[in-house]
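Dear colleague,

Please find the structure below, as a handover for your work. My notes on what was found follow it.

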Amino acid sequence: MTVFARIAVLWAVVLTCATMSVAAGATEIVTLHTSFSPEKLGASTTVGFGFDIANADGGIPSPLEGLSLHLPSGIDYLSTTLGLAICRPAALLAHGLDGCSPNSRLGFGSAYVEVPFGENSAHEIPDVQALMGPPHDGNIVVVFYADGHEPVYAQIVFEGELIAGSETLGGSLDTAVPLIPSVAGGPPVSIVKVRTTIGPAGLTYYEHVHGHTVSFHPVGVSLPTRCPLGGFRFSAQFAFADGTSTTATSTVPCPRRR
Amino acid sequence: MQRISRVSSATIVAVLACIAGVMQMYGAGSASAFVSRSLALKEEAKLHLTSKTGFTLNEQGVVVGTVKGTIYIHLRLTSNSSVVSEVNIYPPGGSLSGLGSASYHVDGGFAVFVGGLAVTRGTGSYAHAHGSDLRFTGTIQRRGDAVAVQLSGLLTV
């Protein structure tokens, strides 16, 4: 085989792989949203995180099965005081938020869920809470608690594991999302929108000081003192029940100099 | 008079022999004067945060155990699962310095690290100190960054 023939074969393989990759993520279209509040280098912040899922054909998107959120490097999520208590998933399922210490709360938000009923569908907006779970293999575990009431009454607990990144403290939050049946034996609901936070905004913790209970605000993850070139880049891989997957990215721009 | 001289000669010989023995024992005047011995370390220390720079916690406290004194630790988080440490202990009459690395994980209100430490240098009474297989463990109280550490193993001094 000549050199040109080898190159041609190589190109054919590359193009085939590229097409397969696009096809793997062609059914659902995902938009990732990220933010910092406040946007101040070197300071504690609350990370805003959300996504929108749409079906390319305009129908209900396939149910989300897994999500891997890659965090930008340089963010210090180790020296925060978020999650000073552990929330056990069993206690959460049994008693709701009352089953866990307020000091285990990491953030909160909501979701928008499409619930298929026969030919039609309804929507539901469950509250979403993020809490510090029991560590797994030395990794931080985030427990998500979704509390929906109408039209489907369901409380769902699922977990994400923070996998170590490099020396620069990047990492990924890998989350398996359970399929939630609309009705017994019915098709699962589809998550189409999520907005949540990880950070001290809106959270109050408590501690005992000299016999008194004192409230305080936890310290959030801290932004580095220098902004990475091009801003803070997040990316997330989404896996769906129909076997497709797609990747979305979002960049929080560098704060303006004051 | 003759008797006294004999006694004096014997005394001088004895003293010279004694000095020679002592010199041989301690190798006086030579570089091989040091005689090493092992010290079984079993230390505990409680430290408080003095400053924080990036991913490094600078801590100061008091160590008790086989060696007692002031202890300074610099803990640098290198990922969400590892930490490296520089430890300096100042007992009376000298100092000990070491470098360590450990695995690290957060467990609610505490972060826990477990690993090893090597004593890399010393001064004064510990000028010849070395030990490379010391166990170094501890906890960091996430609210306030107070640290408790344990150090154990054989140290050659």
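Within β2(A), Thr46(A) is the bridge partner of Ser37(A). This is a predicted model, in which local features need pLDDT of at least 70, side-chain atom pairs count only at pLDDT 80 or more, and totals for chains, interfaces and linings use all residues. Residues are numbered from 1 along each chain as its sequence is written, while chains are lettered from A and ligands numbered from 1 in the order in which they are written.

Strands β1 (residues 28–37) and β2 (residues 44–55) of chain A pair in the antiparallel sense over 10 bridges. Pairing requires that DSSP finds at least two bridges between two strands; strands are DSSP runs (E, at least two residues), numbered from the N terminus. The two form a hairpin with six residues between them, and Gly42(A) in the turn has a positive phi of about 80°. Ser37(A) is joined to Pro38(A) by a cis peptide bond, with omega about 5°; Pro38(A) is found in the loop between β1 and β2 of chain A.

A cis peptide bond also joins Glu150(A) and Pro151(A), with omega about -5°. Pro151(A) is found in the loop between β7 (139–148) and β8 (154–164) of chain A.

Asp137(A), a residue other than glycine, has a positive phi near 50° and is found in the loop between β6 (127–136) and β7 of chain A.

The contact between the chains takes 18 residues from chain A and 14 residues from chain B. Here, residues are in contact if their C-beta atoms, placed from the backbone, lie within 7 Å.

Yours sincerely

Terms used. Contact = placed C-beta atoms within 7 Å. Helix = DSSP H or I, 4+ residues; strand = E, 2+ residues; numbered from the N terminus.
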